[in-house]
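Welcome! Let's take a friendly walk through a protein model, from its overall make-up to the way its parts pack together.

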Amino acid sequence: MSAIPSKCFKDVPYDMLLTCVKHPDLTVESEMHLADALLTWIDANIEMLKSSSETECDFRDILQQIRISLLPLWFAAGKRRSYFSELADTSIDSIFRLIEATSGGSRNILNDGDSCQLRIRFSEYSKRVDLSCCPQITSAILFQSLLPFRDLLLKENGKEFLSNLEHDKFQPSQKLLQNLPSLAVQEVDISKCPRLHLNTAIECFSQSFPSLKTLKAAHLLNFKTTTLHRLVQNCPLVSEVDLALDIDPLVSSEACVASSSPLQPGCSSIHHGSSATVYSKMKPSLSNIRKLTLEGRNELSGASLLCLSVYSNP
């Protein structure tokens, strides 16, 4: 991620680039960032690649490293009128097939295609994970991506277990959660991931991302006050949460952002446009949330947030 913005990135030797992409410790925020970087590099070196029949095979080889099923749909669609239209069409088809498979139950995920292509890239160096705008992402994909690749769970009864991940009342046991690694991720963006079962996702975040501080979950209608309560209880270091929804620009002044000052743990403020109303709490909250964005969420009134403050107290 730190190399991509450099002006010298296009000068990285092909063999070195391919080796980096195949390395197990490759660290990127999302599959889109990796794809965009590789397409940028290829675009800058397209003439060189065309003039060498030897690198033509390599050109295809490096594109095969992109896990096209995990790309945001808008990103793949935006590449249909470029050099990479064939890759874009394949990605779009793969995304829709994955959505169809998950609609029929998570059991179908591992039956259709290479499961390695459905593993979100996590490494011990990951700080930020961006899964936004990926309607194909489910709890099963998240969980199997966090599990060690050769975990026996996937070999023996993994398919049935993954199918249960989408059930509303399913609660992963502590024994199962202990199989998940502990990573240094501090920020996760799951905005516009409607198929992600939030309770299971929070359980995964709690076990694998103990340092999680920021959660962006915008445009998720199923993220309720009770979900926020679960997040506060399971991920105590979270200090910023974005739950915004689409709103009419004519009523943007009603946008709501709740924040609390670390210097005054006994109160929080709810900002409605230019005005602010301060609600005093009966007890200091156990929550570390300092910024809570509720733009467009008219169903969450001041009273609802007062209830949330009660949830956060012992």
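## The overall picture

How many helices and strands does the protein chain have? The chain has 14 helices and eight strands; helices (H or I, at least four residues) and strands (E, at least two) are DSSP runs, numbered from the N terminus. This is a predicted model, in which local features need pLDDT of at least 70 and side-chain atom pairs count only at pLDDT 80 or more, while totals for chains, interfaces and linings use all residues. Residues are numbered from 1 along each chain as its sequence is written, and side-chain values use heavy atoms, with hydrogens and water left out.

Of the 314 residues in the protein chain, 46% are buried, meaning under 20% relative accessible area with a 1.4 Å probe, protein chains only.

In soluble globular proteins, nonpolar side chains tend to be buried together. A nonpolar core is a set of buried Ala, Val, Leu, Ile, Met, Phe, Trp, Tyr and Cys residues joined through side-chain atoms within 4.5 Å. The largest one here has 43 residues, and Leu142, Ile190, Phe205, Phe209, Phe223 and Leu231 touch the most other members. The elements giving two or more residues to this core are α8 (139-146), α12 (198-208) and α13 (225-234), and α12 provides the largest share, five residues.

Apart from this core lies another, of 25 residues, including Met32, Leu34, Ala35 and Leu63.

## A closer look at α12

Is α12 mostly covered or mostly open? Helix α12 is mostly covered, with eight of its 11 residues buried. Among them are Leu198, Glu203 and Phe205. The buried residues of α12 pack against α8, α11 (174-177), β2 (187-189), β3 (214-216) and α13.

Leaving aside residues up to four places away in sequence, Phe205 touches Leu142, Val188, Ile190, Pro210, Leu212, Leu215 and Cys235.

## How α1 meets α2

Helix α1 (residues 14-22) packs against helix α2 (residues 31-44) at an angle of about 170°, and their axes are 12 Å apart. Axes are lines fitted to C-alpha atoms over the stretch in contact, and angles run from 0 to 180 degrees between N-to-C directions. The pair is therefore roughly antiparallel, a label for angles over 145 degrees.

Tyr14, Leu17 and Val21 of α1 meet Leu34, Leu38 and Trp41 of α2.

Conventions
Buried < 20%, exposed > 50% of the residue type's maximum accessible area, 1.4 Å probe, protein only. Contact = heavy atoms within 4.5 Å. Parallel < 35°, antiparallel > 145°, perpendicular 65-115°, else oblique.
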